[in-house]
Amino acid sequence: MNTRGLRSQLKDSVPVTGMGPQVGAYGVQDTLRSGFSSVKNELLPSHALELSEKNFQLNQDKINFSNLRNIQGLHAPLKLQMEYRAARQIQRLPFLQSSHLALDTLKGNDESISFEGILNDPAQSEMMGEPHVMVEYKLGMM
């Protein structure tokens, strides 16, 4: 199997952002903000369904917006997308994990129990950093 052809096929079919490590001001990976680099993140998907599962929610939203547009017109999906965007902007300080309760309520996920709801404990987060540095970075002071 030609892995180079498969890699270019995957990159062309699905937009992947943030694959590589973040580069700081001096051309070196910014480990404080992006964490340690992992070889696993830079490899191809290990299974054919992994790519599909990764983009499941995005594809589901596209289908729902398309159905909503066909039924109610152009204004309905636009209004819903504006509400999603507004709810996504509501969050806590950068060093605290936000629950995005308003977004979950809009999407109807507030009454469902999922894998992330049980095993996504913010206390066990690996991305805990220095609060002052993270706020200054978010505000553009660094």
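Me: At roughly what angle do the axes of helix 4 and helix 5 cross, and within what distance do they come?
Reply: In this predicted model, the axes of helix 4 (residues 56-72) and helix 5 (residues 75-89) cross at roughly 135° and come within 7 Å.

Me: What does that make the two helices relative to each other, oblique or parallel?
Reply: Helix 4 and helix 5 count as oblique to each other, because an angle has to be over 145 degrees to be called roughly antiparallel.

Me: Which residues make the contact?
Reply: On the side of helix 4, the contact is made by Phe65, Leu68, Arg69 and Gln72. Helix 5 contributes His75, Ala76, Pro77, Leu80, Gln81 and Tyr84.

Me: And how do the residues of that contact divide into nonpolar, polar and charged?
Reply: Six residues of the contact between helix 4 and helix 5 are nonpolar, three are polar and one is charged.

Me: Staying with helix 4, what span does it reach from its first C-alpha to its last?
Reply: Helix 4 has 17 residues and spans 24 Å between its first and last C-alpha, which is close to the 24 Å expected at 1.5 Å a residue.

Me: What follows helix 4?
Reply: Glycine 73 follows helix 4, and its phi is positive, near 105°.

Me: Turning to aromatic residues, how many aromatic pairs does the structure hold?
Reply: The structure holds one aromatic pair. The ring centres of phenylalanine 65 and tyrosine 84 are 6.0 Å apart and the planes are at 50°, so the pair is tilted.

Me: Where in the chain are the two partners?
Reply: Phenylalanine 65 is in helix 4 and tyrosine 84 is in helix 5, 19 residues apart, so the pair links distant parts of the chain.

Me: Are those two residues buried or exposed?
Reply: Phenylalanine 65 and tyrosine 84 are both buried. Across the protein chain, buried residues make up 9% of the 142 residues.

Me: What about the overall make-up: how many helices and strands are there?
Reply: The protein chain has eight helices and zero strands. From the N terminus on, its elements therefore read α-α-α-α-α-α-α-α.

Me: What share of the contacts with a separation of 6 or more comes from residues 24 or more positions apart?
Reply: Such residues account for 33% of those contacts in the protein chain.

Me: Where is histidine 100, and what is its relative accessible area?
Reply: Histidine 100 is found in the loop between helix 5 and helix 6 (101-107). Its relative accessible area is 26%, and histidine 100 is partly exposed.

Me: Last one: where is leucine 139, and how far in space is it from proline 94?
Reply: Leucine 139 is found in the segment after helix 8 (131-138). Leucine 139 and proline 94 are 9.9 Å apart in space, C-alpha to C-alpha, and 45 residues apart in sequence. At 59% relative accessibility, leucine 139 counts as exposed.

Definitions and conventions
Residues are numbered from 1 along each chain as its sequence is written. This is a predicted model: local features need pLDDT of at least 70, side-chain atom pairs count only at pLDDT 80 or more; totals for chains, interfaces and linings use all residues. Side-chain values use heavy atoms; hydrogens and water are left out. Axes are lines fitted to C-alpha atoms, for helices over the stretch in contact, and angles run from 0 to 180 degrees between N-to-C directions. Helices (H or I, at least four residues) and strands (E, at least two) are DSSP runs, numbered from the N terminus. Angles under 35 degrees count as roughly parallel, over 145 as roughly antiparallel, 65 to 115 as roughly perpendicular and the rest as oblique. Contact means heavy atoms within 4.5 Å. Ala, Val, Leu, Ile, Met, Phe, Trp, Tyr, Cys and Pro count as nonpolar, Asp, Glu, Lys and Arg as charged, and the others, Gly among them, as polar. The expected span of a helix is 1.5 Å times one less than its number of residues. Rings of Phe, Tyr and Trp (its six-membered ring) pair if their centres lie within 6.5 Å; planes under 30 degrees apart count as stacked, over 60 as edge-to-face and the rest as tilted. Buried means under 20% relative accessible area, exposed over 50%, partly exposed in between (1.4 Å probe, protein chains only).
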